[in-house]
Amino acid sequence: MTNRINAADRDEVLFAFHQAYERPTAEQIVEWTNRYPQFAEDIRAHAAVAWDWAARPTGADQEVDEIVSARAYSQALNLIYNAEMSSAASEKEATCRTFQQMVAAVGKETYLLAREIDVGRGVLADLFNGWMRPPIRQRLLDALLGPLRTTREEFNSALECALRQPYLGHAKADQAPVVIQRSCDEIIRGDSSMSQDRKRYWLEED
Amino acid sequence: MGTKVGDETPPKSTDLAGWREAIAAGRLKSFRLEALAAAFQDLGHRDTQVRNALAKHLSDSVLGLLRRRVSFSKPNQGQDIILRVQGEVFSALLQPQSADGRALRKAFGPRVEFRLKDALAAEDRERGMPTARKEKKAPPAEGEGDAEEPGIDIDGAREPADSDDVSEPTCRADRLSPQEDVVDDLPSDEMEKMFDEINVEQILDSVTDYRKRLAFRLYMEDVPFKTTKENTVSIASVLDVSEKTARDWVTEVRQLLGQHQGVKRLQQPRVGVRS
C-alpha cells in the first residue's frame, strides 16, 4: 500500500485505488477493503469496473457522434452560464447591505422604526423581508432614508437583495414555505393596524 | 508527421493573447489537456470566444476519453452516462477550488476516468441494492426460459446484498434444464479456451450485479472459492460473502454463458473437425 493514502476521504481513497491498480488482484482488493472498511463496497464496485475495463481493450480513440458532441457542448455552455449568473449574484449579495443590517446599525427594531414614522409594522416587515413588490411609494421611501441613515442607492440595492432572497418563514407541516409578494399599495391597504387616514397618507392620496 | 498531444509548450494559463493565437492557429490539439483546463479556469470569462473554444475542445476530449471506456451495450448506447460524467467534469472545471477542479489541472485523463469509474460503480451498486426479498416462485412453466436471448434478464438487484442465503436464484439461467446447462461440467481451462472463441465480454455486460461479475472473473483467475490457508484470499473473502454464495454466483454466470448460442454451437460437432 502506498504511503500517500492518509486521508479517509472516500474520493481520495478511491482515486488512489484507481491510480494504483489497473486491474487489482484479489489480495489487493482484500487489503484495501480491510484498510478502509467504510468504503469496502465502493472499493469492490470500483474493482469490478477496473476488471471490466482491463478485459476490454480500449483501442484507438473512438469517433464521437456529432449529435452527442453538440449536446455535450451545449450542456457545457449552460453550466458556464449558470456558474456566471450564480457568481454575479453572490458578488452582489456580498456587497449588499440588507435592511436588517441597516435597522441593526441604527440600534432599532422594525416595530420601533414603524412607530417612529407612524406606519404599520407589517408594512415595514413585508418590505424588509422581500415580500413587497416595487415600486415603493415615494413617501414611504423618503420617510425611511433618514431613520435608516442610508441613501436612495443603498436602499434600492437592499431592496433588490431582499427581493432576490426573500425571507421564507416557517414551513407548514404539509408544504414548503411559500413567498407571496404583493405590491406596496396592496400591503398598505391590507394593513389592519393603520387607520384609513394613515393608509391614504402612505398611498399618497391625501 | 502530425503534431501529437503535448508536443508543444502551451501559453501560460493566464496569457490571454497567447491562447487567442493558439486558437486562431488551430493548435489546441497539440497541448496537454491539463494546460487547457488550467487556462479555462484562470482566464475565466475574460474573453468569451477563447472560453468557448477551450470549452469545446475540452468537451470533445472528455467525450473521447469516455467513449473509449463506455460499452455500447449500456442504456442508450452509453450516451446517458457519458453526458452525465461530462457534466460532472465541467461542473468541476467551473469550481477551481474543488478537489476535482484542482485535480483536473494536474491529471486530466486519470481524473475523468476516475469519475467515469465512480459513475459506473454507482450505477452498478444502485442496481445491486437489495429491494425486497423475492417470494418463492412457482416452478417455471414448460418451455419457459429458453425462448429469449440469454442474459438480458439477469438481475442482481434482487440478490440480498449481505445475506448468505442464496436459495433463490437470480437469473434466468438457473431455470435451465440439466441438458441445457452445457458448460457447467467443463473444467475452467476448457472454459477459458472456449471463451476465447465467443464474445464473453458482451455476455458479461448483461450481468448487472458487479459482485457476480467480479466473482466470475476471479474464478477465471483460479482464485479459490474459500480457503483456510493463512494469507491466502478467496472469492468469498474478496466479496465478503459465504463460500456457498460465491459458488452460486459463479455458477449463475457460467450457466448464463452456457445459454449463449455461440457456446451451444461450440458444443456441437463441427463440420471438417475430427472428433
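The notes below look at one chain and then at its interface with another.

## How to read this

This is a predicted model, in which local features need pLDDT of at least 70 and side-chain atom pairs count only at pLDDT 80 or more, while totals for chains, interfaces and linings use all residues. Residues are numbered from 1 along each chain as its sequence is written, chains are lettered from A and ligands numbered from 1 in the order in which they are written, and side-chain values use heavy atoms, with hydrogens and water left out.

## Chain B on its own

Chain B has 12 helices and zero strands (helices are DSSP runs of H or I with at least four residues, strands are E runs with at least two, numbered from the N terminus). Of its 275 residues, 51% are buried, meaning under 20% relative accessible area with a 1.4 Å probe, protein chains only.

## Where the chains meet

In chain B, 49 residues are in contact with 44 residues of chain A (contact means heavy atoms within 4.5 Å). The rule finds eight salt bridges across this interface, each a side-chain nitrogen of Lys or Arg within 4 Å of a carboxyl oxygen of Asp or Glu. One of the salt bridges joins the side chains of A:Asp42 and B:Arg125, at 2.8 Å from N to O.

Which helices of chain B give two or more residues to the side that touches chain A? They are H3 (48-69), H4 (79-93), H6 (108-128), H9 (210-220) and H10 (235-239). H6(B) gives the most, with 12 residues.

Definitions and conventions: Buried < 20%, exposed > 50% of the residue type's maximum accessible area, 1.4 Å probe, protein only.
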